[in-house]
Amino acid sequence: MTDYSKPLPKADPVTAPFWESLHKGQLEVQRCDDCSSFVFYPRALCPHCSSRRLNWTPVSGRGHIYTMTIVHKAPGAAFQADAPYVVALVELEEGCRVMSNIVEVKADPEHVRIGMRVEIVYGSVTEAVTLPKFRPSAS
């Protein structure tokens, strides 16, 4: 694996199960035992009902682009080679939203659209860190 020069996430006790699930190749998010809502980003309380009864649950990794932007001017040297690239808020089939990149569209990111169906791609960037990315899906 090559050196990775972009910022890396730092897991803490609340977020560690999320990062571990990605490393295993199975996206998991929290689900509230009291109101059944799926929750993302990881947190100690359900944002819908304030319950502390949140459990890690596997999800499909499929959804659609809720909103997006195409970055043409990279914010730093580490991102320069990626430009232009797509940053999107993906609404998973389960209802929660995850911010990530849309990949496999480098040749023409202008064809990426709000509402486009996407699926997760697990991007192992170091031996210890796997990032969630999304690509267009046929379904």
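Select Lys133 and, leaving aside neighbours within four places in sequence, its contacts (heavy atoms within 4.5 Å) are Ser100, Asn101, Val103, Glu119, Ile120 and Val121. This is a predicted model, where local features need pLDDT of at least 70 and side-chain atom pairs count only at pLDDT 80 or more, while totals for chains, interfaces and linings use all residues. Residues are numbered from 1 along each chain as its sequence is written, and side-chain values use heavy atoms, with hydrogens and water left out.

Stay on Lys133. It sits in strand β8. Strands are DSSP E runs of at least two residues, helices H or I runs of at least four, both numbered from the N terminus. Lys133 is buried (under 20% relative accessible area; exposed is over 50%, partly exposed in between; 1.4 Å probe, protein chains only). It has no salt bridge (a side-chain nitrogen of Lys or Arg within 4 Å of a carboxyl oxygen of Asp or Glu).

Next, select helix α1, residues 16-23. Its buried residues are Ala16, Phe18, Ser21 and Leu22. Show β1 (28-32), β3 (54-58), β7 (117-124) and β8 (130-136): the buried residues of α1 pack against them. Step just past α1 to Gly25, with a positive phi of about 80°.

Cys46 is buried at 2% relative accessible area. For Cys96, the closest cysteine sulfur is in Cys46, 11 Å away, also too far. Cys96 is buried too, at 5%.

Notes: A disulfide is a pair of cysteine sulfur atoms within 2.5 Å. Lys and Arg count as positive and Asp and Glu as negative; His and the chain ends are not counted.
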